[in-house]
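Open the structure in your viewer and keep the selection panel at hand. Each stop below says what to select and what is there.

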Amino acid sequence: MKSSKHQKGFTLLELLVVIAIIGILSSLAVTRYQNHIIRSNRQAAQVRLLMAQQAMERFFLNNNTYVGAPLPALDPNEPYVLAFVGARTAATYRISAIQTTLADTECGDLSINQVGQKFSTGTSTVAACWR
């Protein structure tokens with residue numbers, strides 16, 4: 001008499017299929033997470049630009065010029081840095097949120113001027129970047 005023992009477990013092929021599925025799902029999750037981080041940081045930069053624009057307007061109301069208006073101080077670890085772009089005159093300015101640690105090629109650096117006109121240096125449209 002021959003006794004047949006049934007072994008319970010997984011074959012190597014089954015394990016490889018499960019590992020491949022986990023790898024595919026995790027790569028999709030990481031990509032979506034990175035895109036979410038980029039969009040969140042872009043929105044934070046937009047908020048900072050709008051707040052800086054309001055500060056510029058308050059300075060203008062008190063001094064009748066934009067010259068000498070300071071930009072708000074930011075944490076140096078922020079993914080964007082605010083800076084004036086081009087010449088700042090008594091009647092004009094342009095503030096830019098320049099990327100420091102991001103690789104946001106879609107929108108690039110964001111800017112706004114004294115009349116609220118918005119700009120972006122990326123490959124996407126300004127309307128898509130400033131939603």
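The tour goes from the sheet to the helix across it, then to the rings and the disulfide.

This is a predicted model, in which local features need pLDDT of at least 70 and side-chain atom pairs count only at pLDDT 80 or more, while totals for chains, interfaces and linings use all residues. Residues are numbered from 1 along each chain as its sequence is written, and side-chain values use heavy atoms, with hydrogens and water left out.

**The sheet**

Start with the strands. Helices (H or I, at least four residues) and strands (E, at least two) are DSSP runs, numbered from the N terminus. Two strands pair if DSSP finds at least two bridges between them. Here 4 strands form an open sheet in the order S1-S2-S3-S4, and the pairing is antiparallel. Select 80-84 and 118-120: these are the edge strands S1 and S4, each of which pairs on one side only. On average, neighbouring strands of this sheet are turned by 20 degrees against each other, direction ignored. Such angles come from axes, which are lines fitted to C-alpha atoms (for helices over the stretch in contact), and run from 0 to 180 degrees between N-to-C directions.

Next, show S1 and S2 together. They run antiparallel and are joined by 5 bridges. Select Tyr 80, which stands opposite Gln 99 in S2, then Ala 83, which stands opposite Ser 96 in S2. Moving on, S2 and S3 pair in the antiparallel sense over 4 bridges. Ile 95 has Ile 112 in S3 as its bridge partner.

**The helix across the sheet**

H1 lies across S1, S2 and S3, and runs at about 20 degrees to S3. Within H1 (residues 12-63), select Gln 53. Is Gln 53 buried or exposed? Gln 53 is buried, with a relative accessible area of 14%; buried means under 20%, exposed over 50% and partly exposed in between (1.4 Å probe, protein chains only). Leaving aside neighbours within four places in sequence, the residues in contact with Gln 53 include Tyr 93, Ile 95 and Ile 112, where contact means heavy atoms within 4.5 Å.

**The rings**

Now select Phe 60, Tyr 66 and Tyr 93, which ring pairs link into a cluster. Rings of Phe, Tyr and Trp (its six-membered ring) pair if their centres lie within 6.5 Å; planes under 30 degrees apart count as stacked, over 60 as edge-to-face and the rest as tilted. The whole structure has 2 aromatic pairs. In one of them, Tyr 66 and Tyr 93 are edge-to-face, 4.7 Å centre to centre with 70 degrees between the planes. Tyr 66 lies in the loop between H1 and S1 and Tyr 93 in the loop between S1 and S2, so this pair ties together parts that are 27 residues apart in sequence. Tyr 66 is buried at 5% relative accessibility, and Tyr 93 is buried at 3%.

**The disulfide**

Finish with Cys 107 and Cys 129, which a disulfide joins, S to S 2.0 Å; the term covers a pair of cysteine sulfur atoms within 2.5 Å. Cys 107 lies in the loop between S2 and S3 and Cys 129 in helix H2 (residues 126-129), so the pair ties together parts that are 22 residues apart in sequence. The torsion about the S-S bond is about -100 degrees, so this disulfide is left-handed. Cys 107 is buried at 0% relative accessibility, as is Cys 129 at 1%.
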